[in-house]
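My notes are below the display.

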Amino acid sequence: MLFTEFRFLGFFLLVFAVHWLLPWNRARKLWLLAASYSFYAAWDWRFLSLIVASTLIDYSVGRGLELTDDRTRRRGLLVVSLVGNLGILGFFKYYNFFAVSAAEFTSWLGLGLPLQALEIVLPMGISFYTFQTLSYTVDVYRGRLGATHSLPDFALFVSFFPQLVAGPIVRATEFLPQLTDTRHLADIALRVPLVRFLMGYVKKACLADNIAAVVDPVFAEPAAFDTVSLWLASFLYSLQIYCDFSGYSDMAIACAALLGYHLPENFGFPYLATTVQDYWRRWHITLTTWFRDYLYIPMGGNRVGPVRLTINLCTVFLLCGLWHGAAWTFVVWGVYHGFFLSLERFVPMRRLPSWLGHVYVVLVVSCGFVIFRSSGLAEAGVFLRGLVPGGATGAYAIWNGWWLLLVAFGLVHAALARWPVENPVRNSPGWAFAVVYGVVVALVLPWAANQYEPFIYFQF
Amino acid sequence: MDRARGDRPSRVNESLGASPTVDRTASCAGRSAARRRVGLVLLGLAAFLSATWVVARVQGPLRAPSLRPQLEAVLADLDGYDAVVIGSSRIQRGVQPEVLDARLSAPGRPFRSFNLGVAGMKSFEADRVVSEVLAAGSSRLRLLLIEAPEWQADAKPLHMFTARFTDWHDPRRTWLVLRSIWRSEGSLLRKLELSWLHVRLFFTRLSNYGSHERFGSDSGWSGRVERMADVQGYRPLEISRGNAARRRAAFVADPSPYQAVVRQLRHRARGGALSDSSRTRRYDRESLRQQVERIEEAGLTPVYLVPPLTAPTADFAALAEEGLIPHLIDLRDPLEYPELFQVESRFDKEHMSIRGAREMSQAIAEQLEPVWTGVAAGDRG
């Protein structure tokens with residue numbers, strides 16, 4: 001069930017109505033838990049068992065950590081959580097990648113290891129909820145968070161449906177305290193999340209899905225297109241993935257807000273960044289901060305020598321790339337970003353004029369996304385070669401009118417960063433808001449793509 | 001501000017158990033706030049519906065690529081035709097207007113027909129096309145030949161969320177299809193599933209969801225519309241490539257499965273069992289009655305066609321005997337129309353070849369002649 005589907009509207013209206021009609025906080029939480037499990041089961045009920053297993057492992061480990069001060073036992077419990085969660089994730093997401101890569105490598109060595117790919121379905125959102133549960137256990141282990149005693153609360157934290165399948169990745173420290181307070185509908189500012197949901201919808205259904213129809217054929221056969229079209233497709237894909245993912249995040253944050261819960265921001269106008277470092281502070285913020293807090297800082301953070309720093313950054317971003325998917329394109333994409341982040345430690349890109357900084361970031365990010373989106377490294381190579389004048393082999397061209405969309409998007413992106421819509425939305429009279437909202441929805445829906453496209457980040 | 005003031009005591013009351021007087025004031029304020037919110041939701045809904053109505057008017061009716069050339073060709077020159085034939089690909093590939101025209105033209109009264117068969121067009125979509133033809137109006141058009149409708153609520157999953165399938169979900173047809181579903185003999189779960197599908201499609205159409213392709217879609221079509229007018233809508237499958245050519249090659253390479261089906265059909269025809277009695281029993285008579293009434297009210301004569309199918313259908317002859325079908329041309333009987341079931345008459349199992357279409361058109365023209373004579377006599381009278 002996608003947020004852009006008509007049936008989600010029915011589902012959410014039911015969840016919303018029952019949630020606010022229930023007078024007890026405990027009943028509301030149980031209702032939300034049931035709704036969250038139903039939401040996930042609508043995709044594939046069999047994989048609910050994985051969420052339940054992950055929930056039980058980390059709940060038990062959390063309680064166990066609370067009951068003991070013995071360092072060895074605590075460490076053992078942490079290992080149980082890491083092995084349990086990363087074992088599930090590793091099998092479902094990475095087994096085939098490593099098995100096939102190992103088989104190819106040993107075959108190249110002449111050893112021929114008999115490892116075969118299995119027919120494994122990747123459970124939706126597994127990377128997201130695995131990272132959430134891991135963060136809980138690590139925080140309890142480090143003593144930053146007390147273990148929760150309520151299994152339903154913890155289960156709701158793991159499975160809360162607005163962010164279950166594609167984030168934002170919520171920390172237990174942010175979410176669990178919200179479950180203790182009883183919320184009141186009268187306290188909820190409905191207008192802001194309603195507008196946010198609509199903006200997310202426009203990004204996803206009207207922009208990302210329509211751009212996909214233009215970009216997909218280019219990535220399927222990059223050799224058939226000319227240089228200008230390849231550049232246009234790379235910029236359009238950068239726009240598509242941003243609209244797709246940030247659109248989902250907007251809708252997730254809005255749905256949670258309508259139910260009275262606050263989710264962390266996941267995007268901060270990334271294409272306004274002037275350095276790659278700045279870009280990563282604005283793109284998929286909850287993942288970046290997760291890697292920063294649970295991997296980069298424990299590895300030494302910024303307080304290491306330049307060589308070690310470069311290795312650390314490349315390692316973290318290699319893993320960040322692998323988090324996105326089990327393919328060499330993601331690995332290379334991660335290392336590519338790690339390289340630019342390391343470079344910026346030694347070359348002060350922030351001293352560039354801001355317009356040049358924007359151009360630099362857009363170019364680096366868009367070329368990176370060519371690697372990210374391509375079906376293989378060879379295809380990415382063909383695409384990247386085609387970006388060089390005289391390097392393209394094809395003659396097909398994309399309609400040049402799409403450049404106008406890119407310019408229009410850039411202007412809107414900058415305008416929204418400067419003048420947030422929240423204030424006019426909050427201050428307008430109720431009747432005016434209702435009329436304008438109704439009219440805008442009616443004007444937006446015709447521009448939705450005809451087919452429902454799954455969110456790109458669902459596959460991660 | 002009032003709302004906030006009204007809510008605050010309510011929360012305090014909840015935790016401290018305040019006096020009933022304060023509670024009553026708070027609950028009044030709460031009810032007032034709730035009424036206000038409901039009012040705003042209704043206002044927003046009204047604004048939404050008004051705007052969707054305006055958008056739908058600005059966009060105009062759907063002209064899906066697979067429907068557009070034929071529909072526009074016939075609507076552009078509706079005064080140039082005496083008869084329009086409406087139906088699925090079986091009609092599109094099976095009726096040659098020039099054969100009908102040659103047979104039914106008389107000195108001083110030429111007959112001209114148009115084939116408005118469209119691949120994949122089922123009963124409710126055909127009914128929408130009928131409405132468009134009736135709404136366009138014509139001083140010359142007298143006959144509407146329509147493929148006998150089965151009023152299917154179902155379709156291939158591939159077709160269900162296409163613009164064409166969505167577009168016939170106006171309130172009247174959605175109501176008809178829902179009624180048809182609940183009168184059918186399927187399981188409760190299947191009925192709920194199909195009903196939900198059609199309700200979703202109704203709201204999809206109501207909201208103009210994904211209809212942007214209708215904006216500015218007037219360019220690049222005139223050539224195709226003109227070509228369609230030149231051939232009066234008939235396009236044989238022999239000129240198609242891709243899937244159709246592959247289907248043809250497979251059919252020609254081994255026609256024995258088809259021949260076996262025809263042998264069974266002959267056997268059933270001998271036993272008078274060409275129709276499916278359960279389909280006849282649960283047939284959606286009301287939808288048919290409404291269609292016939294609308295056509296007759298527009299001053300046209302409806303004629304229902306049953307192509308030479310190999311699969312069982314409802315017993316349209318029985319429906320004609322009930323008085324529901326004023327004129328029926330039923331070509332299903334392989335004993336009565338053996339030439340229509342020969343391998344040479346078929347492009348594939350389902351569709352006629354050019355030769356088969358000529359024979360089918362001759363069979364139609366033969367049965368249509370008395371109907372047309374009566375209509376023409378009525379005009380003269």
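Conventions first. I worked from a predicted model, where local features need pLDDT of at least 70, side-chain atom pairs count only at pLDDT 80 or more, and totals for chains, interfaces and linings use all residues. Residues are numbered from 1 along each chain as written, chains are lettered from A and ligands numbered from 1 in written order, and side-chain values use heavy atoms, without hydrogens or water.

Sheet. I found 5 strands of chain B in an open sheet, ordered β2-β1-β3-β4-β5 with parallel pairing. Strands are DSSP runs of E, at least two residues, and helices runs of H or I, at least four, numbered from the N terminus; pairing takes at least two DSSP bridges. The twist averages 20° from one strand to the next.

Pairings. β1(B) joins β2(B) over 5 bridges, with Ala83(B) opposite Ser113(B). β1(B) joins β3(B) over 4 bridges, with Val84(B) opposite Leu144(B).

Helices. I read α5 (97–104) of chain B as lying across β1 and β2, at about 150° to β2(B). Helix α15 (285–297) of chain B lies across β3 and β4, at about 135° to β4(B). Angles run from 0 to 180 degrees between N-to-C directions of axes fitted to C-alpha atoms, for helices over the stretch in contact (heavy atoms within 4.5 Å).
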